[in-house]
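This report goes through one protein chain, from its overall make-up to a few local details. Begin with the model itself.

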Amino acid sequence: MTSEPTSPPVVPPLHSPKSPVWPTFPFHREGSRVWERGGISPRDLPSPLPTKRTRTYSATARASAGPVFKGICKQFSRSQGHGFITPENGSEDIFVHVSDIEGEYVPVEGDEVTYKMCPIPPKNQKFQAVEVVLTQLAPHTPHETWSGQVVGS
């Protein structure tokens, strides 16, 4: 039995693209003409804080597997889309983003909540609340649903 020597497979050479490749950004820089015409305002720029949509899968999985904490809503601004929770153990206030609130009601000061914690990049020294659930609405305080209906509690 004789075997013939096999030649390595033929690989086509790599070619550079015919047109230059320029990076695209989801927003225009401050000096661009679109910015000057008023097409984009500074509030349209992406947030540097991780939201439910921009958080990595591994960070979400670690937070979901973590313990559940209890706290009280210290402040929440629907128009700004964020607020703070005072933990039950009295430690430093925890940041909460609107995308991490579960349920139909907008939190108000005094609401009891449960939450899990996720570190805030890049240094991961501070934490934000994720999977926030309102467990007890603040008594004698009007609450608003996400659709805008005001409900008394």
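A residue counts as buried when its relative accessible area is under 20% and as exposed when that area is over 50%, with partly exposed in between. The model is predicted.

Strand E2 covers residues 82-87, and its side chains alternate. Gly83, Ile85 and Pro87 point to one face and are buried.

E2 pairs with E1 in the antiparallel sense, over six bridges. Glutamine 75 has phenylalanine 84 of E2 as its bridge partner. E2 also pairs with strand E3 (residues 94-97), again antiparallel, over four bridges. Here isoleucine 85 has isoleucine 94 of E3 as its bridge partner. Both pairings are hairpins, and each has a glycine with positive phi.

| Hairpin | Residues between strands | Glycine | Phi |
|---|---|---|---|
| E1 and E2 | four residues | glycine 81 | about 85° |
| E2 and E3 | six residues | glycine 90 | near 85° |

**The whole chain**

What does the secondary structure of the protein come to? It comes to two helices and eight strands. The order along the sequence is α-α-β-β-β-β-β-β-β-β. The protein has 153 residues, of which 25% count as buried. Take the contacts between residues at least 6 apart in sequence: 53% of them join residues at least 24 apart.

**An aromatic pair**

A pair of aromatic rings is described by the distance of the centres and the angle of the planes. The whole structure holds three aromatic pairs. One of them joins phenylalanine 76 and tryptophan 146. Their ring centres are 6.5 Å apart and their planes stand at 85°, so the pair is edge-to-face. The pair links distant parts of the chain, 70 residues apart. Phenylalanine 76 is in strand E1 (residues 69-77), while tryptophan 146 is in the loop between strand E7 (143-144) and strand E8 (150-151).

Are the two partners buried or partly exposed? Phenylalanine 76 counts as buried, because its relative accessibility is 12%. Tryptophan 146 has a relative accessible area of 27%, so this residue is partly exposed.

**Threonine 114**

Threonine 114 is in strand E5 (residues 112-119). Its relative accessible area is 18%, so threonine 114 is buried. Leaving aside residues up to four places away in sequence, threonine 114 touches Val68, Phe69, Lys70, Glu131, Val132, Val133 and Thr135.

Definitions and conventions:
Residues numbered from 1 in each chain as written. Predicted model: local features only at pLDDT ≥ 70, side-chain atom pairs only at ≥ 80, totals over all residues. Heavy atoms only, no water. Buried < 20%, exposed > 50% of the residue type's maximum accessible area, 1.4 Å probe, protein only. Contact = heavy atoms within 4.5 Å. Phe/Tyr/Trp six-rings, centres within 6.5 Å; stacked < 30°, edge-to-face > 60°. Pairing = 2+ DSSP bridges.
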